[in-house]
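Dear colleague,

I am handing over the structure below, and my notes on it follow. Please read them with the model open beside you.

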Amino acid sequence: MMSVQIDLPAPFSVGEVTVEEALERRRSIRSYASSALTLEEVSQLLWAAQGITGEDGERTAPSAGALYPLEIYLVAADASGLEPGVYRYLIEDHGLQLVSTGDVRRELTAAAWDQDWMSRAPAALVVAGVVERTAKKYGSRARRYVLMEVGGVTENVSLQAVAIGLATTFVGAFDDGAVAGLLGLKAGEEPFAILPVGRRRR
């Protein structure tokens, strides 16, 4: 893994769109405009996924036993302030660590069984996780709990996207090994969801 680390702008906790409005507007969007995301938007989406919100390390999404098995990766192709590449979200630092350089949208699309619309999103968040972190306490029920957490994260990101004028949808159909290899996932990590994100094409 490369050592480049990028600090993200501080996320905000008070916005212009209510939770109720975001719920009402949320849709699964697969058509994106050709405009870049800002670094502030990237920051807010990552914070919504797994940002720290409490002095004891509490996060935006609940976790069984507060074991936090999830990791978030950013596939950036067109985001201001970021060179195209794969990044790992550094949760405690609210920053990004560069994993690899280059626009890998085509490769990610191929790994998702050629869902071509994905290649037009300027960025994508990938939710990965280590089931063993949860299994140490919950044994055979661990995978169930981890998947529940994935659902919480994807809904957080979906609602946050709406609240800041962006669009996304949940992708669960992909080749796990291909996505893991493309992102350079660490040993024990596996991908669970992909969230392409961008501005809705009108």
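Which residues have the most contacts inside the largest nonpolar core? They are Leu74, Leu82 and Leu125, in a core of 37 residues. Before going further, please note that this is a predicted model, in which local features need pLDDT of at least 70 and side-chain atom pairs count only at pLDDT 80 or more, while totals for chains, interfaces and linings use all residues. Residues are numbered from 1 along each chain as its sequence is written, and side-chain values use heavy atoms, with hydrogens and water left out.

**Cores and α2**

A nonpolar core here is a set of buried Ala, Val, Leu, Ile, Met, Phe, Trp, Tyr and Cys residues joined through side-chain atoms within 4.5 Å; buried means under 20% relative accessible area, exposed over 50%, and partly exposed in between, with a 1.4 Å probe and protein chains only. Leaving aside neighbours within four places in sequence, leucine 74 is in contact (heavy atoms within 4.5 Å) with residues including Val42, Leu82, Tyr87, Leu96 and Leu125. A second, separate core has 24 residues, among them Ala112, Ala124, Phe174 and Ile194.

Helix α2 is mostly covered, with eleven of its twelve residues buried; among the buried ones are Leu39, Val42, Leu46 and Trp47. The cover over these buried residues includes β2, β3, β4, β5, α5 and β7. The end C-alpha atoms of α2 are 17 Å apart, which agrees with the 16 Å that its twelve residues should span at 1.5 Å a residue, the expected span being 1.5 Å times one less than the number of residues. Helix α5 has 22 residues and reaches 32 Å from its first C-alpha to its last, close to the 32 Å expected.

**Pockets**

Rolling a probe the size of a water molecule over the atoms shows where empty space is left. On a 1 Å grid over the protein atoms alone, a cavity is a set of points where a 1.4 Å probe fits but cannot get out, whereas a pocket is an open set with protein on both sides within 12 Å along at least five of seven lines, and lining residues have an atom within 4 Å of a point. Grid points are joined across faces, edges and corners, and a volume is the space filled by probe spheres set on the points.

The largest pocket has a volume of about 380 Å³ and is lined by 19 residues, of which Val17, Val19, Leu159, Gln160 and Ala163 lie nearest its centre. Two or more lining residues come from each of α1 (19-25), α2 (39-50) and α5 (142-163), and α5 gives the most, with five. By class, this lining has ten nonpolar, seven polar and two charged residues, where Ala, Val, Leu, Ile, Met, Phe, Trp, Tyr, Cys and Pro count as nonpolar, Asp, Glu, Lys and Arg as charged, and the others, Gly among them, as polar.

The second largest pocket holds about 240 Å³ of space, and of its 13 lining residues Val162, Leu166, Ala167, Arg200 and Arg202 lie nearest the centre. The lining of this second pocket has four nonpolar, three polar and six charged residues.

Methionine 118 lies in the loop between α3 and β5 and is buried, with a relative accessible area of 4%. Not counting residues up to four places away in sequence, methionine 118 touches Leu108, Thr109, Ala112, Val171, Ile194 and Pro196.

**Backbone**

Most residues other than glycine have a negative phi. Histidine 94, in the loop between β3 (85-90) and β4 (95-101), has a positive phi of about 45° and counts as buried at 12% relative accessibility. Aspartate 114, in the loop between α3 (105-111) and β5 (123-129), has a positive phi near 60° but counts as exposed at 59%.

With best wishes

Key
Helices (H or I, at least four residues) and strands (E, at least two) are DSSP runs, numbered from the N terminus.
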